[in-house]
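Please walk through this structure from its helix packing to its cores and then to some backbone details.

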Amino acid sequence: MLRTYTLSPSLQSHGLHALLKATSKQTPCTEKTKQHCLAYIDRMQQVNAQPFPNPEKLVGCPVTEDNSCGMQTFFWGGQDKPRQKVLLYLHGGAYMNPPTSFHFKMLANLARGTGSMAVFPVYPKIPDHSYADTFPKLLALYDSLCAQYGPRQITLAGDSSGGGLALGFAYHLSDLGRPQPRQLLLICPWLDLHTDPEDLDLYEKLDPSLSPWRLRIMGEMWAGGHSQLSNPYVSPMFGDPARVAPITMITGTREVLYPDTMKFHRILDQKRLPHRTYVFEGMTHVFPAFPIPEARMAQRLMIYLLDHSL
């Protein structure tokens, strides 16, 4: 199912677009800019080595922290009741950046609106780690949630690289014979790490922040090398979605990942698999997380969809 929202972008949305454009790292690919990109990734290595501060002030309620699965994981909003819903969220950031306040605030709204317990792992990232390091830790966390709440109570969600990670991890669960979550919610997902510039030239001009050549550098690190870019665990475009839980996707049309999201939508259509794709005209990458009216609309939609799974 495909639904498109044609909106007149708000003043706040125009302001966000201008801010993202002014602060983006969109530059031509040269040896110098490549070196700058690699230096930035190295700096993020030092940032990610530090524990993330407890996000209680961001989400507006007590937050507990657990590290038993080998990664810092935050929990909040759980209630002592049967059939507790669980929203397991994998944040974006090109497999390199730590989570932002916007991630926590959006997830807090979604969890509150659905009566879900929020589970937010700060998973291992590049350049020190690849998906091969992260999957076992996510599996330990997922298994523990299944044991306590049951897989039918779990929604696996993520934005951008976190959306790609959620779908790739769902393939991994299938390969291991583990139960699937109730549903997958993918927000502006990164589905193909090739990030082919020939396919994305037009959208790079529209996108105020993402740079395909930079994404490819980060994607190769996450995949463990160029030869692994078509591995469905890292580029879930190449997997078999018939093996995973029903998928809901949210995307905007002013981002370089939009064409791949629509390509994957067509794959789901051709396979006649239950899915929902919602396209917001004129919106930028991961717009539902930002403080703009269109984000509030998208969050209300996601709350409804989470409560009315396929």
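The model is predicted, so local features need pLDDT of at least 70 and side-chain atom pairs count only at pLDDT 80 or more, while totals for chains, interfaces and linings use all residues. Residues are numbered from 1 along each chain as its sequence is written, and side-chain values use heavy atoms, with hydrogens and water left out.

Two packed helices are described by the angle between their axes and the distance between the axes. Here axes are lines fitted to C-alpha atoms, for helices over the stretch in contact, and angles run from 0 to 180 degrees between N-to-C directions. Helices (H or I, at least four residues) and strands (E, at least two) are DSSP runs, numbered from the N terminus.

Helix α2 (residues 31-48) packs on helix α8 (residues 212-223) at an angle of about 50°, and the axes are 11 Å apart. The two helices are therefore oblique to each other; angles under 35 degrees count as roughly parallel, over 145 as roughly antiparallel, 65 to 115 as roughly perpendicular and the rest as oblique. From α2, the contact (heavy atoms within 4.5 Å) involves Thr33, Lys34, Cys37, Leu38 and Ile41, and from α8 it involves Trp213, Arg214, Ile217, Met218 and Met221. By class, this contact has seven nonpolar, one polar and two charged residues. Ala, Val, Leu, Ile, Met, Phe, Trp, Tyr, Cys and Pro count as nonpolar, Asp, Glu, Lys and Arg as charged, and the others, Gly among them, as polar.

For α5 and helix α6 (residues 161-176), the axes come within 11 Å and cross at roughly 75°. That makes α5 roughly perpendicular to α6. Phe135, Leu138, Leu139 and Tyr142 of α5 meet Leu165, Gly168, Phe169, His172, Leu173 and Leu176 of α6. The contact of α5 with α6 has eight nonpolar, two polar and no charged residues.

A nonpolar core is a set of buried Ala, Val, Leu, Ile, Met, Phe, Trp, Tyr and Cys residues joined through side-chain atoms within 4.5 Å. Buried means under 20% relative accessible area, exposed over 50%, and partly exposed in between (1.4 Å probe, protein chains only). The largest nonpolar core has 62 residues, of which Leu145, Leu167, Leu184, Trp222, Ile247 and Phe264 touch the most other members. Helix α5 (residues 131-149) gives the most to this core, with eight residues. A second, separate core of 39 residues includes Phe74, Phe104, Tyr278 and Ala295.

Val234 lies in the loop between α8 and β8 (247-252) and is buried, with a relative accessible area of 0%. Not counting residues up to four places away in sequence, Val234 touches Tyr131, Leu193, Trp222, Ala223, Gln228 and Leu229. Val234 and Leu167 are 67 residues apart in sequence, but 8.8 Å apart in space, C-alpha to C-alpha.

Most residues other than glycine have a negative phi, and most peptide bonds are trans. Ile126 and Pro127 are joined by a cis peptide bond, with omega about 5°; Pro127 is in the loop between β5 (116-122) and α5. Ala94, in the loop between β4 (85-90) and α4 (101-114), has a positive phi near 60°. Cys188 has a positive phi of about 45° and is in the loop between β7 (183-187) and α7 (197-206). Ala94 is buried at a relative accessible area of 10%, and Cys188 is buried at 0%.
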